[in-house]
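Here is a short report on a pocket and some charged pairs. Please read it alongside the model.

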Amino acid sequence: MMGATKTFIDPNWVTAEFDIPVQMKKASALGTAPSIDELLKICGLAETVTAATKVEYKPGGTGAGTGQIKVYTDGYVRALTGVAGNLKISGKIGEPLSATVSVKGFLADAAATAEPNPTVTLDTNTAPLVTKVSVLTVGGATLNADSFDFDLGNQINELYAINMAEYYMQDFDPTITVTAVKIKGTDEAAWADFSAGTVLAIIIQVGEAGSQIELSIPYAILKDVSESDDAGNVKISRTFRAQASSGNDNYTITYK
């Protein structure tokens with residue numbers, strides 16, 4: 001043993017991690033990738049473009065270790081390599097659809113280097129407003145919720161070997177939590193679904209056709225059910241595990 005533990009200061013082993021909050025804005029045109037497409041790929045999503053129709057993102061991307069991010073501050077830059085990340089999407093009635101990308105990467109040098117801030121073109125597309133959250137079960141029943149949170153659940157590990165310093169996604173466990181005002185009697189079925197391991201299909205659509213973002217989970221199984229008080233109303237939260245039924249079909253994010 002050479003004593004190269006985590007407490008050993010190694011100038012070749014400098015890492016950084018931070019969150020990037022973004023609004024999930026519509027694409028510029030049907031069949032074109034959104035402005036955050038590279039972030040989605042860093043999170044292990046594979047991109048499929050159908051010209052003039054839609055763009056789909058599913059698990060199975062091959063971006064492990066290839067992600068690069070530059071962070072500029074007042075004319076100084078830090079360049080991260082070997083970047084991998086995790087994505088969380090949040091939707092709440094009356095608010096734009098938003099997401100947070102949590103990234104991890106390596107720095108060639110801890111110190112920033114001088115480099116002028118780049119000229120960028122801001123994404124001026126609109127972010128679809130969440131006006132309704134409908135979760136459709138395989139039986140066709142519709143649940144009107146007031147918020148949802150979707151987590152890719154990426155397990156990010158570090159790889160440090162000779163001439164190789166990168167993060168990579170070892171596994172993923174995507175989950176979605178849907179919160180709604182409890183309907184007396186009707187929502188008791190959630191507890192029965194939980195105990196029975198009932199399979200549900202979940203579809204959430206935000207925005208109108210042509211500028212819509214859809215989250216589809218074909219094989220969702222309840223992981224947890226909870227109830228809480230919200231100003232005198234009983235809220236019920238359902239957390240589903242987005243499992244696979246064939247290959248990596250756990251979920252699909254579609255711009256259409």
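## Pocket lining and salt bridges

The lining of the largest pocket holds ten nonpolar, seven polar and five charged residues. This is a predicted model: local features need pLDDT of at least 70, side-chain atom pairs count only at pLDDT 80 or more, and totals for chains, interfaces and linings use all residues. Residues are numbered from 1 along each chain as its sequence is written, and side-chain values use heavy atoms, without hydrogens and water.

I20, V22, S35, I36 and L39 lie nearest its centre. A pocket here is an open set of points on a 1 Å grid where a 1.4 Å probe fits, with protein on both sides within 12 Å along at least five of seven lines; lining residues have an atom within 4 Å of a point. Strand β4 gives the most to the lining, with five residues.

Now the charged pairs. The count comes to eleven salt bridges, each a side-chain nitrogen of Lys or Arg within 4 Å of a carboxyl oxygen of Asp or Glu.

| Pair | N to O distance |
|---|---|
| E115 and K70 | 3.9 Å |
| R238 and D187 | 2.7 Å |
| E214 and K256 | 2.9 Å |

R238 is buried, at 7% relative accessible area. D187 is buried too, at 6%. Buried means under 20%, exposed over 50%, and partly exposed in between (1.4 Å probe, protein chains only). E115 is partly exposed at 26%.

Note on methods
Helix = DSSP H or I, 4+ residues; strand = E, 2+ residues; numbered from the N terminus. Nonpolar A, V, L, I, M, F, W, Y, C, P; charged D, E, K, R; others polar.
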